[in-house]
Amino acid sequence: MLGVIERCSRLFLAGVFLIGGIPKLFDLDSFAKVIEAYGLLPEILISPVAVILPVAEVVTGVGLILGRKWSIYSSLGMMLIFMGVLSYGIWIGLDIDCGCFAVTDPEHDAFSGLRHALLRDVVFSVPLLFLLFINSQYYQQIQKRSEK
């Protein structure tokens, strides 16, 4: 049963990262504008990050589908960064599109959109936490003991 839940969690998260990353790759200029709106990066880093981030999302999504352990940690790192950036945006009162999935009109969903995006990322973290637990050494030790 846990194997089925693990596969479903991997496929769900893979879908999230692929749906988030692929559309950005086709509209890098708009995604760069969203990144710039957060005001976190110097101008020279905006374009490279606008390319690297969606590529990382797609590679992570493919890694999750293929069952690669590194993809779980990649997912964790990106989710923490995403939640940190969204929290920052909410904290300073930004009125922008979150840029999480397909790039939309920057005025679309505005400030409440950041709050919803943060809540959505927290919910998306549940299957991620499950995958982290299933792949932890603690869980592996429990499995070995129960097999004896």
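This is a predicted model: local features need pLDDT of at least 70, side-chain atom pairs count only at pLDDT 80 or more; totals for chains, interfaces and linings use all residues.
Residues are numbered from 1 along each chain as its sequence is written, and side-chain values use heavy atoms, with hydrogens and water left out.

The protein has six helices and zero strands, so its elements read α-α-α-α-α-α from the N terminus; helices (H or I, at least four residues) and strands (E, at least two) are DSSP runs, numbered from the N terminus. Of its 148 residues, 39% count as buried, meaning under 20% relative accessible area, where exposed is over 50% and partly exposed lies in between (1.4 Å probe, protein chains only). The accessible surface, from the Shrake-Rupley method with a 1.4 Å probe, comes to about 8,600 Å², and carbon and sulfur atoms hold 68% of that surface. Among contacts (heavy atoms within 4.5 Å) with a separation of 6 or more, 68% are between residues 24 or more positions apart.

Helix H3 covers residues 43–65. Its 23 residues reach 34 Å from first C-alpha to last, close to the 33 Å expected at 1.5 Å a residue, a span defined as 1.5 Å times one less than the number of residues. H3 has a kink of about 35 degrees centred on Val 49; the bend at a residue is the angle between axes fitted to the seven residues ending there and the seven starting there. Buried residues of H3 include Pro 54, Thr 60, Gly 63 and Leu 64. After H3 comes Gly 67, with a positive phi near 75 degrees.

Ser 71 belongs to helix H4 (residues 69–92). Ser 71 counts as buried because its relative accessibility is 0%. Leaving aside residues up to four places away in sequence, Ser 71 touches Arg 10, Thr 60, Gly 63 and Leu 64. A polar atom of the Ser 71 side chain lies 2.5 Å from the backbone oxygen of Arg 68.

Rings of Phe, Tyr and Trp (its six-membered ring) pair if their centres lie within 6.5 Å; planes under 30 degrees apart count as stacked, over 60 as edge-to-face and the rest as tilted. By this rule there is one aromatic pair. Phe 12 and Phe 124 form it edge-to-face, 5.3 Å centre to centre with 75 degrees between the planes. The pair links distant parts of the chain, 112 residues apart: Phe 12 is in helix H1 (residues 2–25) and Phe 124 in helix H5 (residues 110–134). Phe 12 is partly exposed because its relative accessibility is 38%, whereas Phe 124, at 12%, counts as buried.

Conventions
A polar contact is a pair of N or O atoms within 3.5 Å; within protein, one must be able to donate a hydrogen and the other to accept it, and residues adjacent in sequence count only if both atoms are side-chain atoms.
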